[in-house]
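Welcome, and thank you for taking a look at this one with me. Please have the sequence and the 3D view open side by side as we go.

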Amino acid sequence: MARRVERYALQAVARDILPESRTALCLRTRIKGGEGVGVWKCECSGTAHYSGLIVCGSVWTCPVCGAKISEKRRGELNAAIQQHKSRGGDVLLLTLTTPHARGDDLAALVAQQAQALQAFFRQRAVKSILSEMGELGRVRAFEVTHGRKGTNNGWHPHYHFLQFTKAGADAAQLMDWKTRLYLEWAKACQRAGLGMPSFKQMTKGHIKKAKAGGETPFDLLRALLADPKDRQAAALFAEFAKVFKGKRQLSWSRGLRAMFNLVEKTDDELAEERSEEAQLRGMMSVEQWREVRKVNARAIVLEL
């Protein structure tokens with residue numbers, strides 16, 4: 001219950017920062033033409049949810065939709081990993097980071113990274129290494145943190161790749177591949193004006209944690225919830241929302257989903273998806289829904 005209440009509270013904070021966004025309307029505003037707000041419960045999971053409300057489907061700016069989408073994406077990914085390993089394959093992790101500093105503009109940094117990434121995978125040397133690895137496909141996760149409370153090194157957007165490969169590589173081969181990939185990534189970064197990336201972060205991406213003081217975008221909302229006067233957190237979240245709007249958090253390489261018979265769904269579809277086993281428990285009138293909103297009880301009603 002505490003997690004659900006927090007998500008709705010953080011969504012309200014995001015609404016104050018982004019009043020003109022769909023997130024500001026998400027799970028608050030009724031769909032036009034609807035009769036009321038439905039409350040559904042799925043006995044299999046014990047969870048409840050609403051119907052008849054606008055859903056924003058933003059994995060970046062909505063803590064409620066983001067949690068639902070991320071959980072379903074995680075399920076897809078786990079299913080693919082298990083299938084691949086059961087067929088005798090390996091799944092490797094590659095982390096690509098770039099230098100960043102306090103004064104960096106997030107939009108410019110993300111654009112330079114995209115340029116470097118595109119150039120990196122186009123390199124003949126990179127294609128050769130991936131072929132040696134027996135890579136069948138990859139899933140890219142795009143993440144970002146901000147280091148204002150630690151060394152204050154600014155925004156830190158970065159990529160993680162899960163590589164679905166053939167099995168059989170030993171530790172020496174893995175290090176050889178990562179070293180050669182790093183050298184190619186360093187060239188791509190320097191050509192894009194990003195400077196020299198860290199080899200240590202690349203090779204230890206699987207155990208890497210955010211540096212002390214590092215905050216995710218939702219951590220910025222938590223900071224603002226705890227201290228409404230933290231205007232820096234509000235400004236940073238607004239900047240992040242503008243830059244990341246429309247970008248994909250998780251991307252599968254072409255053909256990889258088909259290998260595991262997984263149907264591709266958009267974030268909007270996942271956010272609006274309702275379990276077939278869910279049952280309608282009741283409908284709230286427009287007036288009743290207004291009362292729920294008035295006392296900030298959206299999460300509490302679902303728990304009850």
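Contact here means heavy atoms within 4.5 Å. With that in hand, let us turn to the model, which is a predicted one.

**The whole protein**

The protein has twelve helices and seven strands. Its C-alpha atoms fill a box of roughly 65 × 45 × 30 Å along the principal axes. Of the 304 residues in the protein, 45% are buried. The accessible surface comes to about 16,300 Å², and carbon and sulfur atoms account for 51% of that surface. If you take the contacts between residues at least 6 apart in sequence, 75% of them join residues at least 24 apart.

Which residues of helix 7 are buried? They are Pro-217, Phe-218, Leu-220, Leu-221, Ala-223 and Leu-224. The buried residues of helix 7 pack against helix 1, helix 2, strand 4, strand 5 and helix 8.

| Helix pair | Axes come within | Crossing angle |
|---|---|---|
| Helix 7 (residues 217-226) and helix 8 (residues 231-244) | 9 Å | roughly 150 degrees |
| Helix 1 and helix 7 | 9 Å | roughly 90 degrees |

Angles over 145 degrees count as roughly antiparallel, and helix 7 and helix 8 are therefore roughly antiparallel to each other. The crossing of helix 7 with helix 8 is left-handed. On the helix 7 side, Pro-217, Phe-218, Leu-220, Leu-221, Ala-223 and Leu-224 take part, and they meet Arg-231, Ala-233, Ala-234, Leu-236, Phe-237 and Phe-240 of helix 8. Sorted by class, this contact of helix 7 with helix 8 has eleven nonpolar residues, no polar ones and one charged one.

Helix 1 brings Glu-6, Ala-9, Leu-10, Val-13, Ala-14 and Ile-17 to the contact, while helix 7 brings Phe-218, Leu-221, Arg-222, Leu-224 and Leu-225. The residues of the contact of helix 1 with helix 7 divide into nine nonpolar, no polar and two charged.

Leu-10 is found in helix 1. Is Leu-10 buried or exposed? Residues under 20% relative accessible area count as buried, and Leu-10 has 2% relative accessibility, so Leu-10 counts as buried. Leaving out residues up to four places away in sequence, Leu-10 touches Pro-63, Phe-218, Leu-221, Arg-222 and Leu-225. Ala-48 lies 38 residues from Leu-10 in sequence, and their C-alpha atoms are 19 Å apart in space.

**Gly-36, in a loop**

Where is Gly-36 found? Gly-36 sits in the loop between helix 1 and strand 1 (37-42). Gly-36 counts as buried because its relative accessibility is 7%. Which residues does Gly-36 touch, not counting those up to four places away in sequence? They are Ser-51, Gly-52, Met-283 and Met-284. Glu-132 is 96 residues from Gly-36 along the chain, and 58 Å separate their C-alpha atoms.

Key:
Residues are numbered from 1 along each chain as its sequence is written. This is a predicted model: local features need pLDDT of at least 70, side-chain atom pairs count only at pLDDT 80 or more; totals for chains, interfaces and linings use all residues. Side-chain values use heavy atoms; hydrogens and water are left out. Axes are lines fitted to C-alpha atoms, for helices over the stretch in contact, and angles run from 0 to 180 degrees between N-to-C directions. Helices (H or I, at least four residues) and strands (E, at least two) are DSSP runs, numbered from the N terminus. Angles under 35 degrees count as roughly parallel, over 145 as roughly antiparallel, 65 to 115 as roughly perpendicular and the rest as oblique. A crossing is left-handed if the near helix is turned anticlockwise from the far one by less than a right angle, and right-handed if clockwise. Ala, Val, Leu, Ile, Met, Phe, Trp, Tyr, Cys and Pro count as nonpolar, Asp, Glu, Lys and Arg as charged, and the others, Gly among them, as polar. Buried means under 20% relative accessible area, exposed over 50%, partly exposed in between (1.4 Å probe, protein chains only). Accessible areas come from the Shrake-Rupley method with a 1.4 Å probe; for residues, only the protein chains shown count as cover.
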